[in-house]
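Good morning, and thank you for coming.

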Amino acid sequence: MHHDQRHIEFDLFYAENAMPAYRFALRLSGNSEDAEDITAQALAKAYRRWSQYQSRSAPQTWLFAIILNEWKMHCRKQSPKETSLDSIHSLASTMKFEDLGLAEAIQSLPQPMKEAFLLVKGEGLTHAEAAKAVGVPVGTMYFRVHTAVRKLRSALGGEETREILEEVICNHEL
Amino acid sequence: MNCEKVQSLLARDLRGEAKPDQASAIRGHLAECAACREWLAFHRSLDTQLDVPVALPQGLEAKTVALVLEPAGRGAWFTRVLGNTTMKKLAISTSTLAILAIGAMTLIPRPANASTPIESFKKVRSALTRSALQGEVTVKAIADKDGALKTEVSVNGVVLTDLPIKTEVQRFGDDLEAHITIDLDQESYQVIRFGKDNKTLELVRKNEPKKLHKVKLDPQTQAPIRWSSEPIVVEGFPIDVNSAGAAAKGQVVEGFQLDPKDIQPSAKVVNSQSKQILDVHMKLKLGTSATAKVAVSS
């Protein structure tokens, strides 16, 4: 590793951001190899633009937005490498107490809710920061996070969740 | 504050994002509600489970450094591409298109009032209430000979096809009594959200969790646009609520008792301050139709 000023700055940047970035990517992808690729791409892109992000509030918001983007590009280029059971184990390995039931429930969330849940509950972003990262109104983020928690609770035996099974046009007939 | 509301606010409260009055109400509710305390415990267990560091792969830093240093390779790419005449023309025309596209995008106006789903919902409710105040909401009931009832609600002659409207019917021999309710109380919904591209508002009522209702929104203002359909033809006995003696003074109507033997169409309106309900009561015979104009005088 070089020891000039630029690389000292990179070292500091990497030390602060690599772990949350990788953790988020791993929970999103459920695959350590994919997560490593996505994280490296995202960190490199974020580092090149870091001076402009630093001037804004919550610069990590932009890092997570880049990770989401890299994940979506990654999904378009190639299909996931591992089976869903491996994904569940990968996700469970990021928890304090490996809970396969919780990991499976998180993995089963619809993608927008999973992203919202992982950003707010997993990475500690505020709803407003998460909404910026995803590019939705904050009200949408409130809804997604709450619905995700509700689904998880239901999946883990907490309570019944009412599911919207189909879309219907409002019908005035009996 | 009820349990549904408290539970929906817990994630925000735990992040310190709840408003002071909300936070206070949540504390008060939690002190008395074991079910919501369980919800809070579940939230905290999720935080505990997820707020842990993970070990980084050994090769991650080297990979990242290699990508950060990659810009040195871009010069070679430009030379390869722009040294080729055909590629140069393509690159220039592509960049021209890109500039034009960016220019076009900046000319497209952004929504004047970007709002949350709740704000849009309130605009829908306000639009319907205003229409009712002006006497523009018309309710039509059509009964076939077998007792099946079809109802239509229109605003200013345009049928509302996307608003959740509930109809209950009782049959007394050849007479039908229909209760048609347009309930726009925010507390009645478990889902209020924007649809795809923020062009619709999607609503799911708590007592009809399997139905998704959509209201079309103006993309600029995110208020309801004119509900569009063929204008209805008024038939039967049009009733002006005011002339039937059921006028409301902005509050619950002191309604008259409906006699199942009375075949005349009738209507009453409930429009209390805490709820936004337009409730129309219709009576008609099998094989006939009736309309009522909903109006609330203040």
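**Chain A and its interface with chain B**

In chain A, among contacts (heavy atoms within 4.5 Å) between residues at least 6 apart in sequence, 58% join residues at least 24 apart. Please note that this is a predicted model, in which local features need pLDDT of at least 70 and side-chain atom pairs count only at pLDDT 80 or more, while totals for chains, interfaces and linings use all residues. Residues are numbered from 1 along each chain as its sequence is written, chains are lettered from A and ligands numbered from 1 in the order written, and side-chain values use heavy atoms, leaving out hydrogens and water.

Chain A has nine helices and zero strands, where helices are DSSP runs of H or I of at least four residues and strands are runs of E of at least two, numbered from the N terminus. Of its 174 residues, 50% count as buried, that is, under 20% relative accessible area with a 1.4 Å probe, protein chains only.

Let us turn to the interface. Here 62 residues of chain B are in contact with 60 residues of chain A. The area buried between the two chains is about 5600 Å², with carbon and sulfur atoms giving 62%; this is the accessible area (1.4 Å probe) that two parts lose on being put together, summed over both. B:Trp39, B:Gln49 and B:Leu50 supply 13% of the area that chain B buries against chain A, more than any other three residues.

Finally, how many salt bridges cross the interface of chain B and chain A? The rule, a side-chain nitrogen of Lys or Arg within 4 Å of a carboxyl oxygen of Asp or Glu, finds five. A:Asp37 forms a salt bridge with B:Lys63, with the closest N and O atoms 2.8 Å apart.
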